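The following questions ask what lies behind some of the terms used for a protein model. Each answer sets a value against its cut-off where one applies.

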Amino acid sequence: MKRYGMHIDIDRCNGCGACMVACAVENNIPPVAGADDRKGITPLRVYQIDNGEAYPNRRTAFIPMLCQQCGNETPCAHVCPQQAVDVDPETGIVGQMAERCLGCRYCMAACPYHARYFNWWDPKWPAGMEAALNPDVAPRQRGVVEKCNFCHGRRHAAMEKAAAAGKREIDPADYVPACAEACPSGAIRFVDLNAQAAPADSFRLLERLDTDPKIFYRSKKDWVKRNG
Amino acid sequence: MDKFLIARGLKRCSTGRFLLWVGPWFALLLFGLYAAGLCLVKGLNQTNMDNRFAFGLWIFLDLTVIALGAGAFFTGFLLYILKLDDLRAVINSAVIIGLTAYSGAVAVLAVDVGQPLRAWFTFWYPNVHSMLTEVTFCITCYLIVLAIEYVPIVLKNRRLKEVPSLLVFEFQLHKLMYVLAGVGTFLSFFHQGSLGGLYGVLRGRPFAFREGLFIWPSTFFLFILSAAAVGPSFVLLTTWLVEKITKKQLVRTEVLQLLGRISGLLLSVYVLAKTVDTLVWINRTSPHAGFPAAQFYGWKPFGIEILFAEIVLFGLLPAAILLMPRLRARRGLLVTAAALACCGVTLNRFVQTVQTLALPTLPFDKFLSYTPSWQEVGTFLAVVAYGVLVYSFSFRYLNVFPEERALKVQPAAPQEEEEPAYAGR
């Protein structure tokens, strides 16, 4: 039994956006001309925050925000009218079945982290770019909701590799989501929370809502911690 | 030209004049259908909704028209179950309002979802924990009930009455009305409540989240109460409007006053419940979730005045007018109070849907604004035009107000009159 989650060190994140690019490439997110910061699909999104003070005391930080994989009465799974959202009891990963999604967006209204995205346009890629698509991840059609699923394509590939080797458990080294792999500063670490508990000084976003999120953030700065 | 379709003894305007009336509404309907068609063909990128404002004008419209259309179930309940026989004068009108409101809302929902062809999935893979599942099941069933309730009204058409088998069918359907009224009340109770629960269960939206009574959040009960309160007000308002447009007296004054009295009674209960709920939310629910309620009213233009308008201006004031026999005996005040009550429920649904999504939850998030696109407004207008058209055709060709014929031969009641004996009944 796994309980996948992440440890994200905010003090290490320099806002380069490599994780966002890696996520988009891994998950076959199409480039859309009309998409902006409110209609684009960014299953992982880096927010810039500041301490609210003026120069020269102004300080900024970056918070990589993705589905927090809530474990307690998962808000999105709870409200989906046709069970298109499920929580895998084996891993704790909150999955989204695009093929069953009605596109009612109730889950988006329910998510306190705004980590769910709607496909406002038909997925289209410039000529020739289809060749670069990830064959392990099916593109989603227009009118459905999607979100971070800890790169389920990579998990399936790791499971196949383990099965081929006659193993029941996957090797942790074989399953690392694209964002964690791409992060140049090592700010994002993908972990099995059952094997590697979060550091004592870490915090979770909106923990007081009691949704048991599985993304743990760390920072030594008090003004950053206050954003939890 | 169409006189053979108009009920005997009823006077209706000329065909030309009727066409002049419905023409602009048809034009509006066509415009709206074009706008809705664009959303269906090109996708919801035609709207100004986005990943943060996932719901917009359409959900607000759905919640509002379903509340206003509640007169259908509540009038049916009062007439068939509680035997308030005076309401027979407006039951047909209430059914037509309900049918157009619910069918319009369902049509807009079909445009609002990204994959409308998958709507049946909700019946095949229902999530019993979701309020939306409850809403979908109850609204679908209730729409069928409303359609069956509408059939006898249609079958009363002068030409259709000439077909003996249809006459028998209509007679048999009438026997079913008591059962349908009961079923309709049961279904409406749940879907009005579930619509309130839609937002009330959202822990991630502390502005809307409410604690529960049994398995439902308090908004479940508030929505039932508010819909039952404004349903009769909207029937009253519509009847008054039709009387003004057609320059005819369609129901006895005491029927309108009875509607007003029922509305006032329920509205006062609603205002009391809403006040208690708000106080519990301000002092307990919201602070316990780590969100002082005052912070939600710091975002302009959604200040505390909205709460005041909802409870006092559009709640307490119309309730007081409708409950006082002297005041509601004045036609102007009666209609104004009914209109205020309808505005109140509209504002409440706006607050529940649009304001909730505009307010930030994450500490580093921003306050959001949203303006609907012309396609969204067009689709909204199509529902309004559809409602007006169905009502107009029904009024012209069907005997919507059973008392109209009898009232025609009596002198019209004076607009302002002394307090009648029944006013305090």
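Q: Where is P56(A) placed in chain A?
A: In this predicted model, P56(A) sits in the loop that joins β2 (44-50) to β3 (60-66) of chain A.

Q: What makes the peptide bond from Y55(A) to P56(A) cis?
A: Its omega is near 10°. Most peptide bonds are trans.

Q: Which peptide bond of chain B is cis, ending at P301(B)?
A: The bond from K300(B) to P301(B), again with omega near 10°. P301(B) belongs to the loop between α9 (253-288) and α10 (304-323) of chain B.

Q: Why is R105(A) called buried?
A: There are 25 other C-beta atoms within 10 Å of R105(A). The term buried requires 20 or more, so R105(A) is buried.

Q: What is the phi of K247(B), and where does K247(B) lie?
A: Phi is near 55°, a positive value in a residue other than glycine. K247(B) lies in the loop between α8 and α9 of chain B.

Q: Is K247(B) buried or exposed, and how do you know?
A: K247(B) has 8 other C-beta atoms within 10 Å. A residue with 12 or fewer counts as exposed, so K247(B) is exposed.

Q: Why does G37(B) count as partly exposed?
A: G37(B) has 15 C-beta neighbours inside 10 Å. Buried needs 20 or more and exposed 12 or fewer, so G37(B), with 15, counts as partly exposed. G37(B) is placed in helix α1 (residues 15-42) of chain B.

Q: What makes G378(B) a buried residue?
A: The count for G378(B) is 22 other C-beta atoms within 10 Å. With the cut-off at 20 or more, G378(B) is therefore buried. G378(B) is part of helix α13 (residues 374-397) of chain B.

Q: Which residues does G378(B) touch, leaving out those up to four places away in sequence?
A: G378(B) touches F31(B), G32(B), Y34(B) and A35(B). G378(B) and A36(B) are 7.3 Å apart in space, C-alpha to C-alpha, and 342 residues apart in sequence.

Q: Which residues make the contact of α8(B) with α12(B)?
A: On α8(B) they are S226(B), A229(B), V230(B), S233(B), F234(B), L236(B), L237(B) and W240(B). On α12(B) they are V335(B), A338(B), A339(B), A341(B), C342(B), V345(B) and N348(B). By class, this contact has twelve nonpolar, three polar and no charged residues.

Q: How do α2(B) and α12(B) cross?
A: The axes of helix α2 (residues 57-68) of chain B and α12(B) come within 9 Å and cross at roughly 145°. This crossing is right-handed. Among the residues of the contact are I59(B), F60(B) and L63(B) of α2(B), and C342(B), V345(B) and R349(B) of α12(B). The contact of α2(B) with α12(B) divides into nine nonpolar, four polar and one charged.

Q: How many residues does each chain give to the contact between chain A and chain B?
A: Chain B gives 34 residues and chain A gives 40 residues. On the side of chain B that touches chain A, α6(B) gives the most, with four residues. That side has 16 nonpolar, 14 polar and four charged residues.

Q: How confident is the predictor in chain A?
A: The mean pLDDT of chain A is 94, and 100% of its residues reach 70 or more. Within chain A, confidence is lowest in helix α6 (residues 222-225), at a mean of 92, and highest in helix α5 (residues 178-182), at 97.

Technical notes
Residues are numbered from 1 along each chain as its sequence is written. Chains are lettered from A and ligands numbered from 1 in the order in which they are written. This is a predicted model: local features need pLDDT of at least 70, side-chain atom pairs count only at pLDDT 80 or more; totals for chains, interfaces and linings use all residues. Two residues are in contact if their C-beta atoms, placed from the backbone, lie within 7 Å. Helices (H or I, at least four residues) and strands (E, at least two) are DSSP runs, numbered from the N terminus. Ala, Val, Leu, Ile, Met, Phe, Trp, Tyr, Cys and Pro count as nonpolar, Asp, Glu, Lys and Arg as charged, and the others, Gly among them, as polar. pLDDT is the predictor's confidence in each residue, from 0 to 100. Axes are lines fitted to C-alpha atoms, for helices over the stretch in contact, and angles run from 0 to 180 degrees between N-to-C directions. A crossing is left-handed if the near helix is turned anticlockwise from the far one by less than a right angle, and right-handed if clockwise.
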